[in-house]
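Work through the exercises below with the sequence and the model open side by side, and try each task before reading its solution.

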Amino acid sequence: MEKIITEGIIKSYMDDLLKNIEVDVVIVGAGPSGLVCGYFLTKNGVKSIIFERNLKIGGGMPGGGMMFNKIVVQEEAMEILKEFKIRYKKFKEKYYILDAIETISGITYKTIREGVKIFNLINVEDVVIRDEKISGVVINWTSASIAKFHVDPLSIISKYVVDATGHDCEICKIVEKKVGGIKVMGEKSMWAEKGEKEIVENTKEIYPGLIVCGMAANAFFGSPRMGAIFGGMFLSGKKASEIIIKSIK
Ligand code: 48H
């Protein structure tokens, strides 16, 4: 039986990896914005995969606000939540309260079932660059990075890379440092209305082949944080997918 378990797991994982060596879109980060982006891309026929460095999926969402595992979502984003069949309660005019765990679990499940492959425990440590275009990502095991082992990485080729890495906008910082031509402004202090408004405007292609979405978009453009309100994350993930769909199709 042990032999069957081992063979089954290794073969099946390797099959998944081999099928995804070249894809349309690599999304970095399985937080709310990255998951929603992947869902709408795949639903519209654009093959996308997600690399997540953590063991768990969901980024900052399971923590809700200060570990009270609830989130607030505003009216404009509720259509997206309804598509994922997440339950909600109206709180005040135009604001809804959702269970953080149900929301992230529901989004994750539907995203995977739509056909997005999520690889957890893999860190994106660099990008592939060709003719001044971001053309893929460089990956390694998170455990190797934590241990600071010198293990050379592997690469995945793609038409687009989406930076959905949250507050740290890691892929933008890598491109700023190693490729040049862009400048990370850095996230500003709390201002929920402004942060939520600007996050959608900030979702765009910031370098050929590189789209920034979610909290990373506000960090890149120097916009404020907004606390545990998540409508902007969902709208931003959806907008990132629309930019790519329009360009690829
Ligand atoms: C692989 C990586 C890498 C890497 C990071 O932080 P997230 O939840 O990001 P968003 O933008 O989808 O959502 C932001 C939201 O959770 C939040 O923080 C809010 C609303 N804050 C407001 C406030 O005021 O504080 O998810 C990003 C994911 C995480 O799971 C990381 O582990 C992952 O990206 N990640 N994965 N390679 N180099 N860097």
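**Exercise 1.** Locate the ligand: in which pocket does the ligand sit?

*Solution.* The model is a predicted one, in which local features need pLDDT of at least 70 and side-chain atom pairs count only at pLDDT 80 or more, while totals for chains, interfaces and linings use all residues. Residues are numbered from 1 along each chain as its sequence is written, and side-chain values use heavy atoms, with hydrogens and water left out. The ligand sits in the largest pocket. A pocket here is an open set of points on a 1 Å grid over the protein atoms alone, where a 1.4 Å probe fits and protein lies on both sides within 12 Å along at least five of seven lines; a molecule sits in it if more than half of its atoms lie within 2 Å of its grid points.

**Exercise 2.** Describe the shell around the ligand, beginning with the elements that give two or more residues to it.

*Solution.* Those elements are helix 2 (32–43), strand 2 (48–52) and strand 7 (122–130), where helices (H or I, at least four residues) and strands (E, at least two) are DSSP runs numbered from the N terminus. Strand 7 supplies the largest share, three residues. Next, count the surroundings: 25 residues surround the ligand, and the closest are S33, E52, M215, R225 and G227, a residue being near if one of its heavy atoms lies within 4 Å. By class, the shell divides into ten nonpolar, eleven polar and four charged residues.

**Exercise 3.** Find polar contacts of the ligand, meaning pairs of N or O atoms within 3.5 Å.

*Solution.* Begin with the backbone, where an N or O atom of R53 lies 3.1 Å from a nitrogen atom of the ligand. Finally, the ligand taken alone exposes 800 Å², of which the protein buries 91%, with accessible areas from the Shrake-Rupley method and a 1.4 Å probe.

**Exercise 4.** Which residue takes a positive phi in the hairpin of strand 4 and strand 5?

*Solution.* Strand 4 (residues 89–92) and strand 5 (residues 95–99) pair in the antiparallel sense over three bridges, pairing being assigned if DSSP finds at least two bridges. K89 stands opposite I97 in strand 5. Two residues lie between the strands, and K94 takes a positive phi near 70°.

Conventions
Polar contact = N/O pair within 3.5 Å; in protein donor to acceptor, adjacent residues only side chain to side chain. 1 Å grid on protein atoms, 1.4 Å probe; cavity = no way out; pocket = protein on both sides within 12 Å on 5 of 7 lines; lining within 4 Å. Nonpolar A, V, L, I, M, F, W, Y, C, P; charged D, E, K, R; others polar.
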